[in-house]
Amino acid sequence: MEILKKSCPEGFTVKTLDEATYEQLIKESFDADYFLVSGRLPIDKMVLDHAPHLKMIQRTGVGTEMLNLDEIEKHSIPVYVNDGVNARSVAEHTLTLILACLKRLPQINQQAHQGVWKKQQTGVTTHELYSKTVALVGMGNIGRLVAQMLQAFGAKVIYTDVFRQTEAVETLLDLTYYSNFEALLPKADILSFHCPLTKDNTEILNRATLQLMKEGSVVINTARGKLINQDDLYNAIKSGHIRAAALDTHYEEPIKEGYKLAELENVILTPHIGGLSYEAFEAMMEGAMENIEAFEQEKLSDIEEKRIL
């Protein structure tokens with residue numbers, strides 16, 4: 001709240017929900033001139049019908065799966081995003097998760113805290129990132145930063161995306177392109193997701209595609225939880241086919257009691273914080289408020305590139 005209020009332009013009032021519930025959102029929507037949408041609650045027809053004064057919707061990030069764009073368009077409400085503002089934070093989190101899986105940091109940290117000192121026996125169960133093949137699904141702002149960071153480790157980077165990078169970018173980042181998801185899976189030691197969720201890629205990692213992956217490979221997800229069939233991933237890890245996984249995004253958020261992947265010690269879970277470092281959150285709020293202020297002042301040419309609807 002301190003960051004949010006500090007970023008709020010003069011003349012605006014920030015109002016937050018007492019409870020982050022759909023019912024509370026509908027109740028509080030009536031007075032809103034602008035929505036600052038973080039992604040936890042859906043913006044649908046019911047919400048829009050209860051917001052007669054709404055001028056614009058501003059996403060704190062870039063994902064739009066919580067927005068019913070068809071209904072928003074019917075209500076003639078423009079939508080703006082914060083493209084790339086937290087890309088570095090997500091990329092760093094991705095590298096952290098990759099290294100934590102390879103080095104088995106959660107398990108070894110726990111052992112050390114318990115006084116277990118098995119130096120050789122433990123050390124030889126860890127792995128290096130050097131020379132590993134990392135497959136990136138999505139090569140937008142985050143994917144390119146991850147690829148750049150991986151160069152320092154001597155990893156080989158392959159990728160797939162609906163849009164291929166230019167030859168210059170592929171040369172600069174030493175990228176190898178694959179035209180489809182299934183083709184890169186047998187090559188990957190580490191698979192990492194950096195793409196938006198669409199109806200075409202929902203549960204793209206499933207029982208069939210997991211079987212295409214190398215024995216002992218690692219899965220990382222800092223994109224969207226529904227890219228992965230969580231039961232199929234659980235079974236693949238339980239069987240030993242997948243060595244480890246690290247997930248910042250989950251099929252249901254917040255995760256609920258009975259989440260099977262939480263039972264496995266070789267699964268690292270974080271609560272969708274990849275893009276929420278202090279620096280990234282501050283930049284997200286400042287960027288969002290700048291867009292809202294520009295819209296209010298009708299300086300639309302300044303923010304046109306950030307409009308998606």
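The following legends describe close-up views of a predicted model.

In this model, local features require pLDDT of at least 70 and side-chain atom pairs count only at pLDDT 80 or more, while totals for chains, interfaces and linings use all residues. Residues are numbered from 1 along each chain as its sequence is written, and side-chain values use heavy atoms, with hydrogens and water left out.

**View 1. The largest nonpolar core, of 29 residues.** A nonpolar core is a set of buried Ala, Val, Leu, Ile, Met, Phe, Trp, Tyr and Cys residues joined through side-chain atoms within 4.5 Å; buried means under 20% relative accessible area (1.4 Å probe, protein chains only). Leu191, Phe193, Leu205, Val219, Leu233 and Leu261 have the most contacts inside this core. At least two core residues each are supplied by S4 (133-137), H10 (181-184), S7 (190-193), H12 (230-238) and S9 (242-247), H12 giving the largest share, four residues. Helices (H or I, at least four residues) and strands (E, at least two) are DSSP runs, numbered from the N terminus.

**View 2. Surroundings of Val219.** Not counting residues up to four places away in sequence, Val219 touches (heavy atoms within 4.5 Å) Leu191, Phe193, Leu205, Met213, Ile228, Leu233, Ile242, Ala244, Ala245 and Ala246.

**View 3. The contact of helices H5 and H8.** H5 contributes Ala87, Arg88, Val90, Ala91, Glu92, Thr94 and Leu95, and H8 contributes Asn141, Ile142, Leu145, Val146, Met149 and Leu150. H5 passes H8 in a right-handed crossing, in which the near helix is turned clockwise from the far one by less than a right angle.

Key
Buried means under 20% relative accessible area, exposed over 50%, partly exposed in between (1.4 Å probe, protein chains only).
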